[in-house]
Amino acid sequence: MKLMIASDLHGSAYCTEKLMEAFGAEAPDRLLLLGDLLYHGPRNALRDRIVAVRGNCDCEVDQMVLAFPMLGDCALLEWGGLTLYATHGHLWDETNPPPMARGTVLLNGHFHVPACSPHEDFLYLNPGSTSIPKDGSVGGYMVLEDRTFTWKDLDGGVYRAYT
């Protein structure tokens with residue numbers, strides 16, 4: 001099973017198109033979006049394969065143009081033997097984690113910087129921003145396959161991995 005994870009599209013039509021090209025090339029089972037999607041976020045073409053959480057820049061009116069739900073502040077997924085707690089990062093993050101079971105992987109975006117930090121009770125990961133990378137990072141996404149998280153640029157080039 002393969003999961004593609006992205007965050008902070010912030011309405012970039014170009015970056016959304018590049019992400020959709022990467023989605024086609026990666027051929028994951030699902031796409032997990034960690035908020036701040038619109039104005040031109042992926043809409044109806046992949047609706048049955050998207051899991052999305054609300055970001056601090058997403059609002060209720062945005063839901064009217066989407067054919068998939070994204071108004072929840074978090075999503076809990078079991079994927080390939082891992083428990084994933086997905087949230088945008090404006091409410092819960094590495095320094096303020098939500099209540100979750102020991103061994104959970106906490107995924108959030110919001111900060112626009114890729115991150116990987118093992119903690120005693122959880123693993124914290126951030127895919128970075130697809131459209132507005134910060135601190136010298138590149139626009140991209142993350143893939144989870146066979147319990148390995150891989151960060152990739154929008155052309156599919158690998159620049160980091162964690163098992």
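Buried, in these legends, means under 20% relative accessible area, exposed means over 50%, and partly exposed is what falls in between (1.4 Å probe, protein chains only). Helices (H or I, at least four residues) and strands (E, at least two) are DSSP runs, numbered from the N terminus. The model is predicted, so local features need pLDDT of at least 70 and side-chain atom pairs count only at pLDDT 80 or more, while totals for chains, interfaces and linings use all residues. Residue numbers start from 1 along each chain as its sequence is written, and side-chain values use heavy atoms, with hydrogens and water left out.

**View 1. Strand E1 is mostly covered, with five of its five residues buried.** Lys-2, Met-4 and Ala-6 point one way from E1, Leu-3 and Ile-5 point the other way, and all are buried. E1 (residues 2–6) pairs with E9 (residues 140–145) in the antiparallel sense over four bridges; two strands count as paired if DSSP finds at least two bridges between them. Look for Leu-3 opposite Leu-144 in E9, and for Ile-5 with Met-142 as its bridge partner in that strand. On E2, Ile-5 has Leu-32 as its bridge partner; E1 and E2 run parallel and are joined by four bridges.

**View 2. Here is the open sheet, six strands in the order E3-E2-E1-E9-E10-E11.** Its pairing is mixed. Strand E3 (50–52) and strand E11 (158–162) stand at the edges with a single partner strand each, so one side of each has no neighbour in the sheet. From one strand to the next, the twist averages 20°. As a reminder, strands of a sheet pair through backbone hydrogen bonds, either parallel or antiparallel.

**View 3. Helix H1 (residues 13–26) packs on the sheet.** H1 touches E1, strand E2 (30–33), E9 and strand E10 (148–153), where contact means heavy atoms within 4.5 Å. The direction of H1 makes about 170° with that of E1; axes are lines fitted to C-alpha atoms, for helices over the stretch in contact, and angles run from 0 to 180 degrees between N-to-C directions.

**View 4. Now zoom in on Phe-23, which sits in helix H1.** Phe-23 is buried, with a relative accessible area of 5%. Leaving aside neighbours within four places in sequence, Phe-23 is in contact with Met-4, Pro-28, Arg-30, Leu-31, Leu-46 and Arg-49. Phe-23 and Tyr-141 are 118 residues apart in sequence, yet 9.9 Å apart in space, C-alpha to C-alpha.

**View 5. Strands E4 and E5 (residues 82–87) make an antiparallel pair over six bridges.** E4 (residues 74–79) has Ala-75, Leu-77 and Trp-79 on its covered face, and Cys-74, Leu-76 and Glu-78 on the uncovered one. Cys-74 stands opposite Thr-87 in E5. The hairpin has two residues between the strands, and Gly-80 takes a positive phi near 55°.

View 6. Tyr-85 is buried at 10% relative accessible area, whereas Trp-92 is partly exposed at 25%. Elsewhere, Arg-160 lies over the face of Trp-151, 5.2 Å from the ring centre; the rule asks for NZ of Lys or CZ of Arg within 6 Å of the ring centre and within 35 degrees of the ring normal.
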